[in-house]
Amino acid sequence: MSEVKKRSKQSISTDKILESEEKKAKEKASPNKNLPLRILSRTVVIFSLLIIVYMSAKDRTKIFAKQTEVIPGKGLIIECSSEYMKELDEYEGCAPKNCKRYVTDTVISTKEADELLNMAKRGLKHGGSLGGASILDLHSGALSKGSNFVNFYKLKEMKNIFDQNDFNTFRVVKDKIKYAIAHHFGVQPTKIYLTYPTFFSEISTKKAVTIHDEYWHPHVDKESYKSFHYTTLLYLGDYNIDFKGGQFVFIDSNYNYTVEPRKGRLSMFTSGAENLHHVQKVTAGVRYAMTISFTCNKNYAIADPGVEKYIS
């Protein structure tokens, strides 16, 4: 009888040990049981943060000029960079009343834009970079071809591809832009001069091959082109119709201001650090535009291009 009681006590003791081990195992396993829930919670937090970052970036972008609207004139005054104004102190009558960016759809006609687009296509079809960005400079004759540039005024196949009527169209457009700058920036038209480079640009969806194809990097025109004091861009096609992407973006500390290209739309701005900008990547179609810029320094002035540029 005492042997039975002894065995019974041992059995109870063994059961307690087993229960204790099971309890410890469950406690050890419980963190793993909650692991999926913790991972899910962290995923939700991270996803929420990404949404906040995305929405914050989106909220920083304002459309300054929509393609769908006709803008008689719209400007935004900004603080001039000190370096820009210091340089312009040397040139009487050329400093702007205010540094700004200004967009208008009423200076250049659709007919004039079409004539320039026709020029651009006629010239650029004889060149074309390996990457997605090509230029044709009417002053120097520089034409993107492969990974280099050639002088199209020297190419036999380009001989007389532009006639004097073409150059007259350019001159009329250039003069209209010059007087528009003088009016809207409060400078004397006789104190600003056409400068180089003056060029057509063609941007496609091709992958960049050389640094010249990487048009999307933020930059300041005055740093890229020493001669520039006033930059103008004339758009020769329509955003979301002829191409997608390719919007022009002014980068400010608080907001980015986007200009959507519209055929005949003219965008003008001071060329200093106050107008840091970039072009968004073209995702479909081909974007055509023309850069026509002006300087206050006579030493950087260039004459209007004409048929005399062709070299026999």
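## A helix and its cap

A polar contact here is a pair of N or O atoms within 3.5 Å. With that in mind, look at the start of α4 in this predicted model: Asp163 caps the N-terminal end of the helix, with a side-chain oxygen 3.0 Å from the backbone nitrogen of Asn165.

Helix α4 runs over residues 164-185, 22 residues in total. From first C-alpha to last it reaches 31 Å, close to the 32 Å expected at 1.5 Å a residue. After the helix comes Gly186, whose phi is positive, near 70 degrees.

Buried residues of α4 include Phe167, Phe170, Val173, Lys174, Ile177, Lys178, Ile181 and Phe185. An α-helix has 3.6 residues a turn, so residues three or four places apart point the same way.

The partners of the buried α4 residues are the strands β3 (99-104), β8 (193-203), β9 (230-235), β13 (266-270) and β16 (287-295), together with helix α3 (110-124).

## A histidine in a loop

Now move to His217, found in the loop between β8 and α5 (221-224).

Leaving aside neighbours within four places in sequence, His217 is in contact with His277 and His278. Val279 is 62 residues from His217 in sequence, yet their C-alpha atoms are 7.4 Å apart in space.

## Where to read with care

Mean pLDDT for the chain is 87, and 80% of its residues reach 70 or more. Where pLDDT is low, the predicted coordinates should not be read in detail.

Technical notes:
Residues numbered from 1 in each chain as written. Heavy atoms only, no water. Helix = DSSP H or I, 4+ residues; strand = E, 2+ residues; numbered from the N terminus. Expected span 1.5 Å × (residues − 1). Buried < 20%, exposed > 50% of the residue type's maximum accessible area, 1.4 Å probe, protein only. Contact = heavy atoms within 4.5 Å. Polar contact = N/O pair within 3.5 Å; in protein donor to acceptor, adjacent residues only side chain to side chain. pLDDT = per-residue confidence, 0-100.
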